[in-house]
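This report covers helix packing, a disulfide and selected loop residues. The structure comes first, followed by the notes.

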Amino acid sequence: MYRLLLSLVICLSLAPATARAADTLTVYTYESFVAEWGPGPGIKKAFEAECGCTLKWVGIQDGVAILNRLKLEGKQTRADIVLGLDTNLMTEAEATGLLTEHGSALDGVKLPISWTDKTFVPYDYAHFAIVYDRSKVTKPPASLDDLISGDSAQKLVIQDPRTSTPGLGFLLWMKSVYGDKAADAWARLKPRILTVTPGWSEAYGLFTKGEAAMVLSYTTSPAYHVIAENSDKYAAAAFSEGHYLQIEVAAAVAGSAQLELARKFLAFVTKPGFQDHIPTNNWMFPAGPTTKPLPEAFAKLVKPSKTLLFSPGEVAESRKAWIDEWLEVMSK
């Protein structure tokens, strides 16, 4: 009888730990985030050590595709967290009714703008930029006007604004500078565009393989080549009109069976355990504190003279019309 009771006590004492260990948090994010060289593997290891759970990444093409997937799945989504949307998608994502408040104080968040949103947690940021190959472009464009009117033999790769957050960011960059004349600006730029890819990874891959002289990326992208490859072959062009800002965010799914764990993860997002993996794995500026200062290469990056940014509400109201305008030009 004693042995039976002892066995029962042991089983009951182990049961909660076993259940916690079996908890799985499913995070939808973009493919480059979970790549072997991306921040995903390191973040997974750090969070699992803290939570005693399993963190499961689901890689989806790009940020806009993550939102599209969430909309398609609706309340049946397998996601507990979506990570990889940005400010341009926040209003539209919140309008689905599928997300819930993060419940974190966000005291340590540091961004170029103030942040008070109760649903979305920022985890990194950078300005978009045209990155060029120094061996092919000896006189880089100094403005969007220069880019549009430059040598059409020097090709540019961009991303599709319907599926890619960088692609959408460039669309908004063009719109913020040219306004009602954006369609004309796209028509003049079109001869320089080699191709439009679904996401960032495909575009940057074509660029580094030498298929194009320029690519839409980030002011932070050259830091990768300096730090990881000890190469200054690639640089970002500084544009006189300013650069459009991207702030990437994460949010919890309201219907998650792991909501408590999801909120624990969102609190973790702004801490060093997560943020340490952002500068030299996601190649963006961290949105929270890191255990070490940023590498010296980050201090030498292009510093935009002006930050361009539409509010999330403005983007939600006009995104479809602006994309339709772009499609009309690009399809001719």
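## Helices α7 and α8

In this predicted model, helix α7 (residues 165-178) packs against helix α8 (residues 182-189) at an angle of about 120°, and their axes are 9 Å apart. The two helices are therefore oblique to each other; angles of 65 to 115 degrees would count as roughly perpendicular, and those over 145 as roughly antiparallel. The crossing of α7 past α8 is right-handed.

On the α7 side, the residues that meet α8 are Phe170, Leu171, Met174, Lys175 and Tyr178, and on the α8 side they are Ala182, Ala185, Trp186, Arg188 and Leu189. Sorted by class, this contact holds eight nonpolar residues, two charged residues and no polar ones.

## Helices α3 and α11

Helix α3 (residues 40-51) packs with helix α11 (residues 259-269) at an angle of about 125°, with 11 Å between their axes. That angle makes α3 oblique to α11. The crossing of α3 past α11 is right-handed.

From α3, the residues Ile43, Ala46, Phe47, Glu50 and Cys51 take part, and they meet Leu261, Lys264, Phe265 and Phe268 of α11. By class, the contact of α3 with α11 has seven nonpolar residues, two charged residues and no polar ones.

## The disulfide

How many disulfides does a search of the whole structure find? The search finds one. The bond joins cysteine 51 to cysteine 53, with an S to S distance of 1.9 Å. The torsion about this S-S bond is about -80°, so the disulfide is left-handed.

Are the two cysteines buried or exposed? Cysteine 51 has a relative accessible area of 11% and is buried, because buried means under 20%. Cysteine 53 is also buried, with a relative accessible area of 7%. Cysteine 51 is also one of the α3 residues that meet α11.

Aspartate 160 lies in the loop between β6 (156-159) and α7. With a relative accessibility of 10%, aspartate 160 counts as buried. Neighbours within four places in sequence aside, aspartate 160 is in contact with Gly167, Val196, Thr197, Pro198 and Trp326.

Proline 304 sits in the loop between α14 (296-299) and β12 (307-308). Proline 304 has a relative accessibility of 24% and counts as partly exposed. Apart from neighbours within four places in sequence, proline 304 is in contact with His127 and His243. Proline 304 and tryptophan 173 are 131 residues apart along the chain, and their C-alpha atoms are separated by 13 Å.

## Positive phi outside glycine

Asparagine 230 is not a glycine, but has a positive phi of about 55°. Asparagine 230 is found in the loop between α10 (221-229) and β9 (234-236). With a relative accessible area of 73%, asparagine 230 is exposed.

Tryptophan 283 is likewise not a glycine and has a positive phi of about 55°. The loop that holds tryptophan 283 runs between α13 (278-282) and β11 (285-286). Tryptophan 283 is buried, with a relative accessible area of 12%, whereas asparagine 230 is exposed.

Conventions. Residues are numbered from 1 along each chain as its sequence is written. This is a predicted model: local features need pLDDT of at least 70, side-chain atom pairs count only at pLDDT 80 or more; totals for chains, interfaces and linings use all residues. Side-chain values use heavy atoms; hydrogens and water are left out. Axes are lines fitted to C-alpha atoms, for helices over the stretch in contact, and angles run from 0 to 180 degrees between N-to-C directions. Helices (H or I, at least four residues) and strands (E, at least two) are DSSP runs, numbered from the N terminus. Angles under 35 degrees count as roughly parallel, over 145 as roughly antiparallel, 65 to 115 as roughly perpendicular and the rest as oblique. A crossing is left-handed if the near helix is turned anticlockwise from the far one by less than a right angle, and right-handed if clockwise. Contact means heavy atoms within 4.5 Å. Ala, Val, Leu, Ile, Met, Phe, Trp, Tyr, Cys and Pro count as nonpolar, Asp, Glu, Lys and Arg as charged, and the others, Gly among them, as polar. A disulfide is a pair of cysteine sulfur atoms within 2.5 Å. Buried means under 20% relative accessible area, exposed over 50%, partly exposed in between (1.4 Å probe, protein chains only).
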